[in-house]
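Reader: Could you take me through one part of this model in some detail? I would like the cut-offs behind each term as well, please.

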Amino acid sequence: MSWEKELDEILSKTEGEVFEKATLQSLWKLMSKGYISSFDFPISTGKEGNVFRAKRGDEFVAVKIYRINTSTFRNISKYLMYDSLYKVKKDRRSIIFAWAKKEFNTLKRLYDAGVRVPKPIANEGNVIVMEYIGDASQAAPLLKDAVLDDAEKIFCKLARYLRLMYRIGIVHADFSEYNVLIHNGEPVIIDVGQTVGSDNPMAMEFLKRDVKNITRFFRKYISIDEDTLFKYVVGDKDEIC
Ligand SMILES: Nc1ncnc2c1ncn2[C@@H]1O[C@H](COP(=O)(O)OP(=O)(O)O)[C@@H](O)[C@H]1O
Ligand SMILES: [Mg+2]
């Protein structure tokens with residue numbers, strides 16, 4: 001099937017608004033460079049973007065498309081403002097592009113440091129191509145929906161990832177059971193667009209919230225308190241599990 005036909009099909013499956021000119025151009029570039037060969041189905045249609053399963057040759061990939069028309073872009077600007085790396089023009093398109101690039105670069109930093117995130121593959125405009133987490137029939141479930149065989153093991157891994165992230169200067173800032181996938185019994189952290197540097201004036205507040213969210217979730221399964229986890233993450237305590 002030609003890529004134009006593929007896109008027509010996707011358009012019929014989702015809101016047309018997403019596929020503005022800039023998005024079509026980005027997808028076209030990614031397809032002509034061979035990063036995407038065809039689209040399968042939408043995995044998620046959220047407030048700030050859509051995620052599709054697609055194919056790159058024989059392998060599955062996940063394609064995250066940030067919306068150009070979004071009222072949440074003001075929120076995005078607020079986060080970007082603190083980030084000296086991302087001095088961008090204040091128009092909506094530039095901000096969304098910078099946002100996508102920021103998520104892509106953060107995925108790279110985390111992946112290289114050994115934090116389990118989807119491996120980043122390519123970024124063009126408001127589109128990111130990354131490793132698909134899931135199997136042939138369906139995408140991996142979110143932590144909130146997954147059946148946990150060993151909750152303690154998953155908690156311990158997430159605690160270690162949070163600590164490693166902090167050590168390389170990154171605070172997730174939207175960490176919860178909604179942004180962790182469970183694949184083959186292992187946690188995979190996603191949605192790293194809104195991360196902030198640990199030197200950000202808001203960093204500690206965000207980290208406390210991240211720690212609180214994940215503690216609240218795992219308290220159903222294991223005995224753990226926020227304070228202990230926070231100390232472990234910032235390096236004031238050596239062991240947690
Ligand atoms: N690499 C991936 N592989 C499989 N599913 C993914 C992947 N990335 C995201 N998803 C799915 O898409 C949803 C939305 O992605 P996310 O990055 O959390 O964006 P947002 O929450 O901003 O819409 C996730 O909840 C998850 O179900
Ligand atoms: Mg999310």
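Author: Happy to; let's look at helix α6. The 16 residues of α6 (residues 203-218) should span 22 Å at 1.5 Å a residue, and its end C-alpha atoms are 23 Å apart, which agrees. The expected span here is 1.5 Å times one less than the number of residues. Helices are DSSP runs of H or I with at least four residues, strands are runs of E with at least two, and both are numbered from the N terminus.

Before going further, please note that this is a predicted model: local features need pLDDT of at least 70, side-chain atom pairs count only at pLDDT 80 or more, and totals for chains, interfaces and linings use all residues. Residues are numbered from 1 along each chain as its sequence is written, while chains are lettered from A and ligands numbered from 1 in the order in which they are written.

Which residues of α6 are buried? They are F206, L207, D210, V211, I214 and F218. Down the axis of α6, these buried residues fall within an arc of 135°, so they line one face of the helix. Buried means that 20 or more other C-beta atoms, placed from the backbone, lie within 10 Å of the residue's own; the arc is that of the directions from the helix axis to the C-beta atoms.

Elsewhere, strands β1 (residues 38-45) and β2 (residues 49-56) pair in the antiparallel sense over six bridges, pairing being at least two DSSP bridges between two strands. Three residues lie between β1 and β2 in their hairpin.

Methods. Buried ≥ 20, exposed ≤ 12 C-beta atoms within 10 Å, placed from the backbone.
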